[in-house]
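Trainee: I have a new structure to read and would like to go through it feature by feature. Could you take my questions in turn?

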Amino acid sequence: MLSFILRRLLVAIPTILILIVISFVLMFAAPGGPFNSERPLPPAVMANIEARYGLDQPYVVQMFNYVKNIVLHFDFGPSFRLRDYTVSDLIAQGFPVTLTYGFWAFVVAVTFGVALGVVAAIRHNTWLDYLATGSAIGASVLPNFVLAPILVIVFTLWLGWLPGGGWRGGQWQYVVLPVVALSTSYLAAIARIMRSSMLEVLNSGFIRTARAKGLPMRRIVWKHALKPALLPVLSYLGPAFVAMITGSVVIDVYFSTGGIGQYFVNSALNRDYSVIMGVTILVGALTILFNLVVDILYAWIDPKIRL
Amino acid sequence: MTTRFTLAASLAALVATGALAQGAMPAEGETLSDNQTFTYRVLDEFPSIDPGMVEDVEGSHVARQLFEGLLNQDAEGNVIPGVATEWEVSEDGLTYTFHLRPEARWSNGEPVTAHDFVYAWQRAASPELASPYSWYLELMQIENVSEVIAGERPVEDLGVRAIDDRTLEVRITTPLPYFLQMLTHTTTFPVPRAVVEEHGAAWTQPGNMVGNGAYVLSERVPQERLVMTKNPEYWDAENVILEEITALIINDENQALTRYLAGELDQTDIPIGQYPRLLAERPDEAHALPNLCVYYYNLNLSESGPEALKDQRVRQALSLAIDRDLLVENVLAGGQVPAYGLGHWAVAGYEVPDDLFGMTMTQEERNAEAQRLMQEAGYGTGGEPLTLEILYNTSDAHQQLAVAIGQMWKQTLGVDTTLANMEWQTFLDARGSQQYEVARAGWCADYNEASSFLDIVTTSSGYNDSAFSNPELDALMLEARTAEDTLPLYQQVDRIIAEQVPVIPIYFYSSNILMDPSIRGYPFENAQENWYGRTMYRVAEQ
């Protein structure tokens, strides 16, 4: 087990390096640059700026320096567009935000998604199943960029219960709407996966044996069916968890939470090279980490899997 | 409970300090609210709030609260004293001497001196800071500024020096009629040397930042909010009524509108097309203000452009066939003004000539003339078929306009259009390297003077994406730099633009905002919308 984890962590290093190289190539291949604006800068001014940010160096040198600064100083450089901040500042400020609403959205999505899926599977083809499946489908066809404005109109404008945006250091009033808006589609997906995998498990031989033995349904579901039925959900949850805690551009844009989700889109549009790299590496590292966590959980849930 | 104080008392206080022209000035009969806060929406995080680095309008609004330059603007945009109380200009118009206010203080209690200005200007021009706005100092024609920016001379050679703590001398190389107006811009604001050197780039963070404006930075969360509170050290603090100013960063304008309607904001922008409805529903709150920007189409006149566009008649026909009144009234519907030239109607000291090509005709006459010109050139209906591609940066608003204009060209001239959109950076690249046929463009004034608009079609302009070159126009603009009376020269340039159509001017922007009616003192008359929190206040709800 330990050697498995070590091996996976070692493989992560070249993976991240390849990620950096690919991102660099794509970034420089895109036309424009962080300092291009509608009004072209005079050449002398542009030259000063490029010298300050090291953009006058050949690409390979830039990439080498970049990696060197990360390895030696854990320094991701200054943001090219938000000049009052470094990339580390922006991530240190924004990541706790997305981590908070992403974590709660994850908890909500898993709790209600699994419950909904299990109920639908046990009460297969009854009104409860139709209700659960129906609401899951409803939630999945309602994208969060439609849901978010509706939530604000209802809970802020009409009812006046919750603020329509902002973060204020994560006070609960500011967290509720982002969590609802973010969790809905994940909840729906989890419910659907859970329902079909639960149905499959409930129809398998060992469950039939358990029922023939006269075990109560509650015990069969909790003790025997739930764990194997969770496996497909689990492989979905690894990437979903990373996606949720690194935020969503829709949530950040609609609720002005200040999270890092928006940087994925904004920094690419603004060619803010250092921020693009910073968030790419962050998500890359988290993805590798949580895929590893999922694999370990797999082994724990299913003894047939050996690491 | 509430401690409202009436205006009689505070007015008396204002008169006593003799600062009527500067601070907030509630009208008689107005009762101030207990809640002296102002919350407004900004679209995106400020690229910088460091005066030397500020490059966008929103950042300069913040820097204008946190710092004070030599000169300020009044509610109409005229120049009034700031840190400088008096100034003299030499006979040749090249040397300015400013006398600074002795009571001006930094927020840490230190006096503001002429040395602070010298440091700030040298810093803004220095290659080390690499400010994206260092070119503004070049625009001001300060002595040796280009050499300093290029690193060929030390910053000490810049044409600005402190004669003593209270006297600042500035030398420029060309007399500029609008030089004083340029000093209201944030790039010229002082910065505190000791603080900048102590904290480096982090000096703009709350807690570190020291300013000389009416407000100090108290909170800043990137992409969420920026809060400024009243600066007790400000020299005119007793006439500052508004206690707190908050900028909320809200990317989505419809979301911002909802939050305004829910009472979370005092000011927000009105999304395109919604102005007529909101004006009808909230006549006291919806405002359409002139905005010093012009919307136009570039026509590619370079080698890579279509042959047809090199024919002036074709360009004129395309321009005439656009029904600007229809676009402005039905598509944009927010108080925009049709444009036939580039000189903005609201710019200080400028009058749009009434004989601009196409301006005085009715749309029927324009269409008839357009058809005649197109026929003469041999394109469109009955001639060689012509298809043009309109390129714009991805946005619903630009698309709506391009569709409408394409239809007008099709109906009137038989010219087909295809639409192409690109994301911003790719778009700039394509337009700047003349890889387009017709491209959308917008331009906003750097300073409140007509040359800021007319310069963009001169041969050497970095923004001349049409690749237009007209020696007569270039000569006129050069002459205007030193002319006593610039108006006739500018008008002549505008006539050339309207007639030769290097670009198709379409409309002059308007900024549509919602403002809570209890907020007073906002400069609705200032075409640059340069607002100062210290002139604003909130009255109690009646």
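Trainee: At what angle do helix α4 (residues 87-122) of chain A and α7(A) pack, and how far apart are their axes?

Mentor: Keep in mind from the start that this is a predicted model. Two packed helices are described by the angle between their axes and the distance between the axes. Here α4(A) and α7(A) pack at about 35 degrees, and their axes are 6 Å apart. The crossing of α4(A) and α7(A) is right-handed. Sorted by class, the residues in the contact of α4(A) with α7(A) are 25 nonpolar, four polar and one charged.

Trainee: What are the angle and distance for helix α5 (residues 127-141) of chain A and helix α7 (residues 172-202) of chain A?

Mentor: The axes of α5(A) and α7(A) come within 8 Å and cross at roughly 140 degrees. α5(A) is therefore oblique to α7(A). On the α5(A) side, the contact is made by A:Asp129, A:Thr133, A:Ala136, A:Ala139 and A:Ser140. On the α7(A) side, the residues are A:Thr184, A:Ser185, A:Ala188, A:Ala191, A:Arg192 and A:Arg195. By class, the contact of α5(A) with α7(A) has four nonpolar, four polar and three charged residues.

Trainee: Is the crossing of α5(A) and α7(A) left-handed or right-handed?

Mentor: The crossing of α5(A) and α7(A) is left-handed.

Trainee: Which residues of α8(A) and α9(A) meet?

Mentor: Begin again with the axes. Those of helix α8 (residues 205-212) and helix α9 (residues 217-245), both of chain A, come within 11 Å and cross at roughly 165 degrees. α8(A) and α9(A) are therefore roughly antiparallel to each other. Their crossing is right-handed. A:Phe206, A:Ile207, A:Ala210 and A:Arg211 in α8(A) meet A:Met217, A:Ile220, A:His224, A:Ala225 and A:Pro228 in α9(A). The residues of the contact of α8(A) with α9(A) divide into seven nonpolar, one polar and one charged.

Trainee: How many helices and strands are there in chain A?

Mentor: Chain A has twelve helices and zero strands. Its C-alpha trace spans about 85 × 55 × 30 Å along the principal axes.

Trainee: Moving to chain B, what is the strand order in the open sheet of four strands?

Mentor: The order is β4-β5-β7-β6 (chain B), and the pairing is antiparallel. β4 (84-89) and β6 (160-164) of chain B stand at the edges with a single partner strand each, so one side of each has no neighbour in the sheet. From one strand to the next, the twist averages 25 degrees.

Trainee: Which strands of that sheet does helix α3 (residues 114-125) of chain B touch?

Mentor: α3 packs on the sheet and touches β5 (95-100), β6 and β7 of chain B. The direction of α3 makes about 165 degrees with that of β6(B).

Trainee: How many bridges pair β6(B) with strand β7 (residues 167-171) of chain B?

Mentor: β6(B) and β7 pair in the antiparallel sense over four bridges. B:Arg161 stands opposite B:Glu169 in β7(B). In a regular strand the side chains alternate between the two faces of the sheet. B:Ala162 is also found in strand β6 of chain B.

Trainee: With which residues is B:Ala162 in contact, leaving aside its neighbours within four places in sequence?

Mentor: They are B:Ala114, B:His115, B:Val118 and B:Thr167. B:Val118 lies 44 residues from B:Ala162 along the chain, yet their C-alpha atoms are separated by 6.7 Å.

Trainee: What joins strand β8 (residues 215-221) of chain B to strand β9 (residues 225-230) of chain B?

Mentor: Six bridges join them, and the two strands run antiparallel. β8(B) and β9(B) form a hairpin with three residues between them, and B:Gln223 in the turn has a positive phi of about 65 degrees. B:Arg220 stands opposite B:Leu226 in β9(B). Five bridges join β9(B) to strand β10 (residues 244-249) of chain B, again antiparallel. In β10(B), B:Ala247 is the bridge partner of B:Leu226.

Trainee: Where in chain B is the pLDDT below 50?

Mentor: The mean pLDDT of chain B is 92, and 96% of its residues reach 70 or more. The pLDDT is below 50 over residues 1-21 of chain B. Where pLDDT is low, the predicted coordinates should not be read in detail. The model scores ipTM 0.90 and pTM 0.89.

Technical notes
Residues are numbered from 1 along each chain as its sequence is written. Chains are lettered from A and ligands numbered from 1 in the order in which they are written. This is a predicted model: local features need pLDDT of at least 70, side-chain atom pairs count only at pLDDT 80 or more; totals for chains, interfaces and linings use all residues. Side-chain values use heavy atoms; hydrogens and water are left out. Two strands pair if DSSP finds at least two bridges between them. Axes are lines fitted to C-alpha atoms, for helices over the stretch in contact, and angles run from 0 to 180 degrees between N-to-C directions. Contact means heavy atoms within 4.5 Å. Angles under 35 degrees count as roughly parallel, over 145 as roughly antiparallel, 65 to 115 as roughly perpendicular and the rest as oblique. A crossing is left-handed if the near helix is turned anticlockwise from the far one by less than a right angle, and right-handed if clockwise. Ala, Val, Leu, Ile, Met, Phe, Trp, Tyr, Cys and Pro count as nonpolar, Asp, Glu, Lys and Arg as charged, and the others, Gly among them, as polar. pLDDT is the predictor's confidence in each residue, from 0 to 100.
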